[in-house]
Amino acid sequence: MSVPHEAKPRTTAVVLAGGTGQRVGLSIPKQLLKIAGKAVIEHTLTIFQQADSIDDVIVLMAPGYVPDVEKIVAKAGLNKVVKVIEGGSTRNETTERAIAALGEGLAEGEDRKVLFHDAVRPLLSQRVIQDCVDALDRFQAVDVAIPSADTIIVTRTHGEDGEFITDVPDRSRLRRGQTPQAFKLSTIRRAYEVAAGDPNFQATDDCSVVLKYLPDVPIHVVAGDEYNMKVTQPVDVFIADKLFQLGSTAAPAQADEAAYRELLQGRTLVVFGGSYGIGADIAALAEQYGAKVYALGRSTTGTHVENPEHVDDALSKAYSETGRIDYVINTAGVLRIGKLAETDNNTIQEALNVNYLAPVHIARASYKYLAETKGQLLLYTSSSYTRGRAEYSLYSSTKAAMVNLTQALSDEWAGDGIRVNCVNPERTATPMRTKAFGTEPAGSLLSSEAVARTSLDVLLSELTGHVIDVRQQDPTRGASEASGFEQALAAVLARGEDMQ
């Protein structure tokens, strides 16, 4: 006789969004503040939407703002969000309401995993989520924490003389708590039931409730992430916005040969800058998989990207001949090295026309075609966008503009189903680079074919609004092992040596 398989317990993320925004000087809850083009809470909910280990999401929102969150959820297509309810007047009351909502519809003896997360921590990593869910297979309560880089002092106030140190705890044992905090539902429910008998019950987080009222339940600690910051003070808004701006995305997984052919067969690609280098390689690959490709360049088709009429004519021709345009790619660019004070007007105008105005014209002209096919616009930047370098002022600043253009258009065109992304290659072996720097050591540069392959993967993905890094892999450590914070930090510290 076979033993029936025990059903896997559901895992629910509870997003706590009861804050009012007073500390950041807002008249609306801080979780509705826009960072990188989206409300903070939308960033947070999207993380759980994308988490394979999360089955559904409940939002506890500040009173009076439930409809605002419901609109965000509907517009963004966040279908894992099953309930948006009002939170209480205190953190404890909000958690109690969540526990009550989680218990609705559960069969007797049924349990589930629950992750309580602050809505204003919009940079949570998938790794932390998975670690919490996995830990609940062994433990009933889980906290997330990181070591304290600062020395922590204990003080006492002495009247008008102010504060004085009374103790300096051993920093090696101190941790800074984050969220999520994860529990078996039965455990956190029992902790609150016991706490209800305490007339002085008050807590600022849920692990402390378990610690105090269920002292026999061990609370496991999962390693957190410096990137998992909480947007609480005005400076946090600025920092989070910059991290979103500078943070990059790992390249999507490559499809197999059959998938490339299935996804590209019958599609139309228009590649500006398709005469040589990355653009030519993208064109060749796409044609190999059955796409109709229009590879346009100054030296091959006489197409000058800085001329809006040339751009319009190229797109119109592709559309009239195939009846559709699915992808528009612009790899065209110029790199002129030199001190700005010594640069003539023609060189400055060329850099602005080709590196900035041309992508703007291409984007504007492509819109109507891409809206019809729900297609994608793909632009290119350089890691010099994060920090301009001497003698690269024109190139660096125009490449920074590409990132901002990508992020702005992805938000602006989201309602039309158009995706916009930006590829950020490491130093790549292209004729443009060779012309600027001469011959460089073998093996020190990415191949343009590798960048083209990743570009194709981006085109075939559902990503939008992302900066996608293409890097040579360190054989001792895969890119996927780096934390989100490390990736963002690397982007901040990067210099303009990584040129296409």
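Y192, F201 and Y213 form one aromatic cluster, where rings of Phe, Tyr and Trp (its six-membered ring) pair if their centres lie within 6.5 Å, and planes under 30 degrees apart count as stacked, over 60 as edge-to-face and the rest as tilted. The model is predicted, and for that reason local features need a pLDDT of at least 70 and side-chain atom pairs one of 80 or more, while totals for chains, interfaces and linings use all residues. Residues are numbered from 1 along each chain as its sequence is written, and side-chain values use heavy atoms, with hydrogens and water left out.

The protein has 500 residues, of which 48% count as buried; buried means under 20% relative accessible area, exposed over 50%, and partly exposed in between, with a 1.4 Å probe and protein chains only. The protein holds 15 helices and 19 strands, which are DSSP runs numbered from the N terminus (helices are H or I with at least four residues, strands E with at least two).

Helix α11 covers residues 345–373, and its 29 residues reach 40 Å from the first C-alpha to the last, close to the 42 Å expected at 1.5 Å a residue, the expected span being 1.5 Å times one less than the number of residues. At the start of α11, a side-chain oxygen of D344 reaches to within 3.0 Å of the backbone nitrogen of N346, and after the helix comes K374, whose phi is positive, near 55 degrees.

In one of them, Y319 and Y369 are tilted, with 5.1 Å from centre to centre and 45 degrees between the planes. Because Y319 lies in helix α10 (residues 308–322) and Y369 in helix α11, this pair ties together parts that are 50 residues apart in sequence. Y319 is partly exposed, with a relative accessible area of 27%, whereas Y369 is buried, at 10%.

The rings of Y367 and W413 have their centres 5.3 Å apart and their planes at 50 degrees, so this pair is tilted. Since Y367 lies in helix α11 and W413 in the loop between α12 (393–412) and β16 (419–425), the pair ties together parts that are 46 residues apart in sequence.

Terms used
Polar contact = N/O pair within 3.5 Å; in protein donor to acceptor, adjacent residues only side chain to side chain.
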